[in-house]
Amino acid sequence: MLRQPAGIAAIALTCALLAVPARSADAPPPAAVPDYHPSLADLMTMGVQSRHIKLGLAGKERNWAYLTYESSELRNAFTRVARTIPVYRQIKLADMFAAGVIPTLDELDAAIKAKDPAKFDAAYGKLTESCDTCHVALEHAYVVIRAPQASSYPDQDFKASK
Ligand code: HEC
């Protein structure tokens, strides 16, 4: 009976020792961690493109629970993009999003809520078009977005769980 508390005490002591800074008094201070300033292309790749793909894949599976979640993730990603890069080439990104992509997300959400496959497909098409409308408007016409034909996420199952 005594062995277990002693074991836990030993683990707690080890953790406490590990938490003590290992730096001795004359060691140089750690270099400051440089700020990472992602570009708009970084944010598009990390936060927007991935979620657009996942919405397309889960949409094919009519996985309404996941779609509810991921649509909100994409909406929030746009909010974070506009917060991180408020102005791009003198254009307020929040205004661009509000005018273009957000109304298509509203439509997508209504379709998801109604669990309506035809409405979902139409709204997903409009969402995808709104990506490229902005790319053309902001002189990136060569960035062309389409509905995904195959999954780039082999470790994630987009089918609805039972
Ligand atoms: C506000 C307008 C706007 C909207 C809406 C928008 N984008 Fe973008 N996107 C841009 C701009 C501008 C760039 C180029 C940024 C740069 O080069 O720094 C870009 C770049 C990209 C890239 C290129 C990254 C690369 O390195 O290949 C991808 C992918 C992308 N967007 C995906 C999307 C998707 C998917 C959507 C819709 C769900 C979308 N974007 C909606 C403005 C927008």
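Of the 19 residues around the ligand in this predicted model, Ala 41, Met 44, Cys 131, Cys 134 and His 135 come nearest. A residue counts as near if one of its heavy atoms lies within 4 Å of the molecule. Residues are numbered from 1 along each chain as its sequence is written. The model is predicted, with local features needing pLDDT of at least 70 and side-chain atom pairs pLDDT 80 or more, while totals for chains, interfaces and linings use all residues; side-chain values use heavy atoms, without hydrogens and water.

A ligand nitrogen lies 2.8 Å from a side-chain N or O atom of His 135. A ligand oxygen is 3.2 Å from a polar backbone atom of Ala 41. For His 140, a side-chain N or O atom is 3.3 Å from an oxygen of the ligand. A polar contact is a pair of N or O atoms within 3.5 Å.

The shell around the ligand holds 14 nonpolar residues, 5 polar residues and no charged ones. Here Ala, Val, Leu, Ile, Met, Phe, Trp, Tyr, Cys and Pro count as nonpolar, Asp, Glu, Lys and Arg as charged, and the others, Gly among them, as polar. Helices H2 (40-60), H4 (93-99) and H6 (117-137) each supply at least two shell residues. H2 gives the most, with 7.

From the N terminus, their order is α-α-α-β-β-α-α-α. Of the 162 residues, 32% are buried, meaning under 20% relative accessible area with a 1.4 Å probe and protein chains only.

Technical notes:
Polar contact = N/O pair within 3.5 Å; in protein donor to acceptor, adjacent residues only side chain to side chain. Helix = DSSP H or I, 4+ residues; strand = E, 2+ residues; numbered from the N terminus. Buried < 20%, exposed > 50% of the residue type's maximum accessible area, 1.4 Å probe, protein only.
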